[in-house]
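Q: I would like to learn how to read a few features in a structure like this one. Can we take them one at a time?

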Amino acid sequence: MPKQLPLPEQLIDLLAEQIKPHILPECALVGIHTGGVWIMDALAERLGPDLPRGVLDIAFYRDDFSRIGLHPETKPSHLPFDVEDRNILLIDDVLFTGRTIRAAMNLLFDYGRPATIKLAVLVDRGGRELPVCADYVGLRLDLATDEHISLENNETEGLHFVMKRKP
Amino acid sequence: MKIQIKNGRVIDPASGLDAIQDIFVAASHIVGIGKMPSDFHANQVIDASGLIVCPGLVDLSVRLREPGLEYKATLETEMHAAAVGGVTSLACPPDTDPPLDEPGLVEMLKFRAKHMPGPRVYPIGALTKKLKGEGITEMAELTEAGCVAFSQADAPLIDTQVLLRAMEYAKTFELSVWLRPQDPHLAREGVAHDGVVAARLGFPPIPVPAETVALSTILLLVRETGARVHLARLSSRAGIEMVRRAKHDGLPITCDVNIHHVHLSEMDTADFNPHCHLIPPLRSQRDRDAIRYGLEDGTIDAICSDHAPVDDDAKELPFQEAEAGATGVELLLPLTLKWARETGMPLGKALGFITRHPANIMRIDAGRIGVGCPADLCMFDPEATWVVNRANLASLGKNSPFLGLEMQGRVQYTLIDGHLDYRRNHQHA
Amino acid sequence: MSANNLQLTDDGRLRHLLTLDGLPARILTQILDTAESFLSVSEAERDVKKVPLLRGKAIFNIFFENSTRTRTTFEIAAKRLSADVVNLNINASSQSKGETLLDTIANLSAMQADMFIVRHAAAGAGHLIARHVAPHIHIINAGDGRCSHPTQGLLDMFTLRHYKGPFHNLRVAIVGDLLHSRVARSQIHALTTLGCPEVRVVAPQTLLPRDVKNMGVHVFHKLSEGIKGVDAVLMLRLQNERMRGARLPSAGEYFKHWGLTPEKLKLAKPDAIVMHPGPMNRGVEIDSAVADGMQSVILSQVTFGIAVRMAVMSILAGN
């Protein structure tokens, strides 16, 4: 467990620096609810507020539906641009098993056929169960299987990380 | 066969007897109560300690389903079920297939019933040919064949002139007419009481006027003809009130209720239980309370089981499509005891509704314990508790609203015509 | 009502949807909220207007009572969830020739079904079936006699909430043949459960159950009084049989007194919405000018109906 939790704003700056030189034409930002959307909005300020943005809720594409059922709070997905031939920058907060990213890609392809998809994550904490890797990473962490890091947002603290121990 | 029944608590509603006494039976009659008659040597002694010995039950309506409806139940199974229930005399309605409108059919039924163990069977003859409500039957011939009364069962009699003539004809021979007050037009397509449950669940309704309008017609025609009429299966407060007033005016009428209506109401149909689909329908709790009150004040003369075994295929359907009726001859006694316990009614008075009063309505020598009376006795354990289930119902009909519920009171011996026609086998549950 | 225990698992989740009567508000709200997210699945921006949620699941439409309309909506909803759909129209007369209802269900259960959507002419049919199926099969009632049509009730609530906001502020009038209407019964249960403070019913005496007040509604016989100041008018279909059963003299007289015309509609709030479960009898219960007018949300109801049915199926399949 890291002694001090990283600061999201710093990591977002780092990500923006990595991404900026490589922004492709016909690029669109797509954030995965909920953390990925906060990061996308913060990144957009740094990369170009006019870039088209979309949000994905992967609840209907999860692979554990038959085990845990439907999540009680599902927000609609919304991509206000044509996915066809688009260069998508997919954005999420924490990359762990890789299942969320697989679901997000399946969902994206139901909208159309993108030209490319690149993945940007704030934290890559290891523990992959699928062959997924991020193109842009704010911070790499090596956490134990019972350690979990998540991004939260509130009025007083703004964006901040929280670490929990769960078996 | 000389039988001594020892140490039972003998309750005879007719005479008011309630004491621990021995009863002595010889051939088909009671020859002694309390004191052993001289020269009496018992071939068989029944130990009735802990049991109540009452007159064999008299059930005003038990469907035996023969002739014609043997896929539902047979004479043999239902006679046996009646004996299990402590019933020693029963009246069976004419709605068999073909209906009991010919002396030959009645004679055949009586003959078959006589030659099997079980209660004395008193057929009710059809009032009109084929129960069609058009031409009247040969009531005199049918009476000679063994009918004790005439009825339409559940078949409608729409033509009031036919009803009037039928009552006049019956009166000619001083025969009883048993009528169910149900106006076929008001009850048309209905399956449930027109009350809060039908409103909520959308059951096609049968309003109370279906009973009271028909009752009104019947009572006025009784006034007109003086015919002796028995009103079968009252269900509503308003109907009972009409009967109360008519009796007060001296009309020669009697009436009965189904034991199920003493306990259940429309609320029991709220989960669509098809076993609670009955005719007449289970009405409101107020109507049920009025039935209980009507029994207490004597407006209602008797209680019957209205036994109607229905095959599973016809019952395991959505409520309004399920065939109406409940199997009940085996539960008449424990359900009557339950009602007595709940209301604090003395046992002798309660048992009267299923023994001497129905016997009077049928005008048969039954329902009493006395020296010289037929040896028809029911011996039951008032403390025994048991749960009603498919396996322990002797009837072929398993359609009871009380499935899975506990009963208190169980028949141990049934003596019919001096024969021990039923003895509870203690090895079975 | 014990019917409720039949619908819920031991830990209070929905196992069958048979009736809205007695379902807790949180379950109704869960369905409405979930339906919200399914609205976007059929949006134009998507190439594939489906989600893989129920992929590999077999949903059987078992209709003992004919209805192409309702059956089609369920079929579309199921297919949008990537489920496999089998349609069975079981003719009542072929039933009476042999197989009992329960035998039919037993046979279908053996065909690896996951969900049955049942429409039947008798109240409680869904309950009977739910009591007899294997534990993993979910039952959705698509209409049982005059008793319930829960998905219709839900989509009507979705529509109301969508256009009019929270239920505790609303005054609603249900107009028409309540006596024979499973839609109306479901609407009433939903509205009262969700906290609508004033539910009115408007109909002639011959089309109202005797104990209708017991259902928690205000009864009106005059349309002009019943829809005064309401936020929404929920119209009911009038079936032709009612004229034959001596309940009504003619469609004409019915239209004159209970038909919703633009003039009558003015008595409701100026922004009141008009709803109808369909299909409409134009000129009998509703004037074309109203049906096609600005305040009518009838077509939206159809769209919402698909989302609501997707929500119900997803919630059941995930429980």
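Q: Where is Asp417(B) placed?
A: Asp417(B) sits in the loop between strand 17 and strand 18 of chain B. Keep in mind throughout that this is a predicted model.

Q: How many bridges join strand 17 of chain B to strand 18 of chain B, and in which sense do the strands run?
A: Strand 17 (residues 406–416) and strand 18 (residues 419–423) of chain B run antiparallel and are joined by 4 bridges. One pair to look for is Leu415(B), whose bridge partner in strand 18 of chain B is Leu420(B). The hairpin has 2 residues between the strands, and Asp417(B) takes a positive phi there, near 55 degrees.

Q: Is Asp417(B) buried, exposed or partly exposed?
A: The idea is to count C-beta atoms around the residue: 20 or more within 10 Å makes it buried, and 12 or fewer makes it exposed. Asp417(B) has 18 C-beta neighbours inside 10 Å, so it counts as partly exposed.

Q: Which residues is Asp417(B) in contact with, leaving aside its neighbours within four places in sequence?
A: Asp417(B) is in contact with Ser28(B), Pro374(B), Ala375(B) and Asp376(B).

Q: Now a sheet. In what order do the strands of the open sheet in chain A come?
A: A sheet is read by walking from one strand to its neighbour. In chain A, 5 strands form an open sheet in the order 2-1-3-4-5, with parallel pairing. Strand 2 (53–56) and strand 5 (136–140) of chain A stand at the edges with a single partner strand each, so one side of each has no neighbour in the sheet. From one strand to the next, the twist averages 25 degrees.

Q: How many bridges join strand 1 of chain A to strand 2 of chain A?
A: There are 4 bridges between strand 1 (residues 27–32) and strand 2 of chain A, which run parallel. Within that pair, Gly31(A) stands opposite Val55(A).

Q: Which strands does helix 2 of chain A touch?
A: Helix 2 (residues 35–47) of chain A packs on the sheet and touches strand 1, strand 2, strand 3 (87–95) and strand 4 (116–124) of chain A. Its direction makes about 125 degrees with that of strand 3 of chain A. Helix 4 (residues 99–109) of chain A also lies across strand 1, strand 2, strand 3 and strand 4 of chain A, and runs at about 155 degrees to strand 3 of chain A.

Q: Why is strand 5 of chain C said to be largely enclosed?
A: Apply the burial count to each residue of the strand. In strand 5 (residues 171–175) of chain C, 5 of the 5 residues are buried, so the strand is largely enclosed by the rest of the structure. Arg171(C), Ala173(C) and Val175(C) point one way, Val172(C) and Ile174(C) point the other way, and all are buried.

Q: Which strands pair with strand 5 of chain C?
A: Strand 6 (residues 198–202) of chain C runs parallel to strand 5 of chain C and is joined to it by 5 bridges. In that pairing, Val175(C) has Val202(C) as its bridge partner. Strand 8 (residues 232–235) of chain C also pairs with strand 5 of chain C in the parallel sense, over 4 bridges, and there Val233(C) stands opposite Ala173(C).

Q: Which helix belongs to the β-α-β unit of strand 5 and strand 6 of chain C?
A: The helix is helix 8 (residues 182–193) of chain C, and the unit is right-handed.

Q: At what angle do helix 2 and helix 14 of chain C pack?
A: For two helices, read the angle, the distance between axes and the residues that meet. Helix 2 (residues 25–38) and helix 14 (residues 298–318) of chain C pack at about 115 degrees, with their axes 8 Å apart. The crossing is right-handed. Among the residues that meet are Ile31(C) and Phe38(C) from helix 2 of chain C, and Val308(C) and Ile315(C) from helix 14 of chain C. By class, this contact has 9 nonpolar, 3 polar and no charged residues.

Q: How many residues of chain C are in contact with chain A?
A: In chain C, 18 residues are in contact with 16 residues of chain A. Helix 2 and helix 14 of chain C are the elements that give two or more residues to this side, and helix 2 of chain C has the largest share, with 4 residues. The side of chain C that touches chain A divides into 6 nonpolar, 7 polar and 5 charged residues.

Q: How many residues does the contact between chain B and chain C take from each?
A: It takes 21 residues from chain B and 25 residues from chain C. On the side of chain B that touches chain C, helix 5 (residues 196–201) of chain B gives the most, with 5 residues. That side of chain B has 12 nonpolar, 3 polar and 6 charged residues.

Notes. Residues are numbered from 1 along each chain as its sequence is written. Chains are lettered from A and ligands numbered from 1 in the order in which they are written. This is a predicted model: local features need pLDDT of at least 70, side-chain atom pairs count only at pLDDT 80 or more; totals for chains, interfaces and linings use all residues. Axes are lines fitted to C-alpha atoms, for helices over the stretch in contact, and angles run from 0 to 180 degrees between N-to-C directions. A crossing is left-handed if the near helix is turned anticlockwise from the far one by less than a right angle, and right-handed if clockwise. Two residues are in contact if their C-beta atoms, placed from the backbone, lie within 7 Å. Ala, Val, Leu, Ile, Met, Phe, Trp, Tyr, Cys and Pro count as nonpolar, Asp, Glu, Lys and Arg as charged, and the others, Gly among them, as polar. Two strands pair if DSSP finds at least two bridges between them. A crossover is right-handed if, with the strands pointing away from the viewer, the path from the first strand over the helix to the second runs clockwise.
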